[in-house]
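Please read the sequence and look at the structure below, and then work through the briefing that follows, which is grouped by topic.

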Amino acid sequence: MEDARPLLELKGVAKAFGPRLLFRRIDMTLLPGTLSLLAGANGTGKSTLMRIMAGLTRPDAGTVTRRVPEDKLGYMAHATFLYPGLDAEENLLFWARAAGLDKPLERAGAALERVGLSRHAHERAGVFSRGMAQRLNLARLILAEPALILLDEPATGLDVSSRRMLASLMLEARDRGAAVLWISHDVQEDSRYADRIFTLEKRSLLESSGGAS
């Protein structure tokens, strides 16, 4: 995979909020078939950097190059992007149809099965626990089999078995050629899945090998 073109490339990226500089001169590449972690203390700008990668926030300097079509970018933030008045299946059907995916009902059923929510397909998302809502959000994410996956603390609210399911889904995505970047607050636990670990520290980005390298 080392000869493949990066699916995401950052060069000299910087961001400030007023007089406060979050980070500067950030260089990063995400290659196909890799899973990377993004780590750092609270307030270092991890979520802001990921929003820049997703095209939701503009950098103050530098360039961001995404080599995937918009419908192949999967982004999961703290908000679940779910409609509480719709049941689990209806939520996935909405997103599948909005993305123009073929066989939306079949895709929705398969995604619910993969995240262990098949028996909750016709329960309203508004009554789900945080962990169940996060599972449904993961189902939404994998509907279109994105080529570039950006996850902002995806393990929030998940129990041990759900964390394993999350890791399994992301390893499957990596194995089919996706580039996955995962903001982690438990690097010691999650590093075994990662090819690389990026750490925001002192406004700069440090890079090291993960346990999967």
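Six strands make up an open sheet of mixed pairing, in the order β5-β6-β7-β3-β8-β9. Strands here are DSSP runs of E with at least two residues, helices are DSSP runs of H or I with at least four residues, and both are numbered from the N terminus; two strands pair if DSSP finds at least two bridges between them. This is a predicted model, in which local features need pLDDT of at least 70 and side-chain atom pairs count only at pLDDT 80 or more, while totals for chains, interfaces and linings use all residues. Residues are numbered from 1 along each chain as its sequence is written, and side-chain values use heavy atoms, with hydrogens and water left out.

- Four bridges join β5 to β6 (residues 148-152) in the parallel sense, and Leu 150 in β6 is the bridge partner of Tyr 75.
- Helix α4 (residues 130-142) packs on this sheet, where it touches β5 and β6, and its direction makes about 170° with that of β5; contact means heavy atoms within 4.5 Å.
- Helix α1 (residues 46-54) lies across β3 (34-40), β5, β6, β7 (179-183) and β8 (196-201), and runs at about 155° to β6.

- Strands β1 (residues 8-17) and β2 (residues 20-30) are joined by seven bridges, and Leu 10 stands opposite Met 28 in β2.
- The hairpin of β1 and β2 has two residues between the strands, and Gly 18 in this hairpin takes a positive phi near 60°.
- Strand β1 is also joined by five bridges to β4 (residues 61-66), again running antiparallel, and the bridge partner of Lys 11 in β4 is Thr 63.

**Helix α1 and its burial**

- Seven of the nine residues of α1 are buried, so that the helix is mostly covered; buried means under 20% relative accessible area, exposed means over 50%, and partly exposed lies in between (1.4 Å probe, protein chains only).
- The buried residues of α1 include Lys 46 and Thr 48 as well as Leu 49, Met 50 and Ile 52.
- After α1 comes Gly 55, which has a positive phi near 85°.

**Nonpolar cores**

- In soluble globular proteins, nonpolar side chains tend to be buried together.
- A nonpolar core is a set of buried Ala, Val, Leu, Ile, Met, Phe, Trp, Tyr and Cys residues joined through side-chain atoms within 4.5 Å.
- The largest core has 41 residues, of which Leu 92, Leu 136, Leu 151, Leu 166, Met 170 and Trp 182 touch the most other members.
- The elements that give two or more residues to this core are β3, α2 (88-98), α3 (104-114), α4, β6, α5 (160-175) and β7.
- Leaving aside residues up to four places away in sequence, Leu 136 touches several residues, among them Leu 82, Leu 92, Leu 112 and Phe 128.
- Another core, of 26 residues, lies apart from the largest one, and its members include Ile 26, Ala 179, Leu 181 and Leu 200.

**Arg 176**

- Arg 176 is found in the loop between α5 and β7, and it is partly exposed, with a relative accessible area of 40%.
- The C-alpha atoms of Arg 176 and Pro 32 are separated by 8.9 Å, although these residues are 144 residues apart along the chain.
- Not counting residues up to four places away in sequence, Arg 176 touches Glu 145, Pro 146 and Ile 149.

Conventions: Axes are lines fitted to C-alpha atoms, for helices over the stretch in contact, and angles run from 0 to 180 degrees between N-to-C directions.
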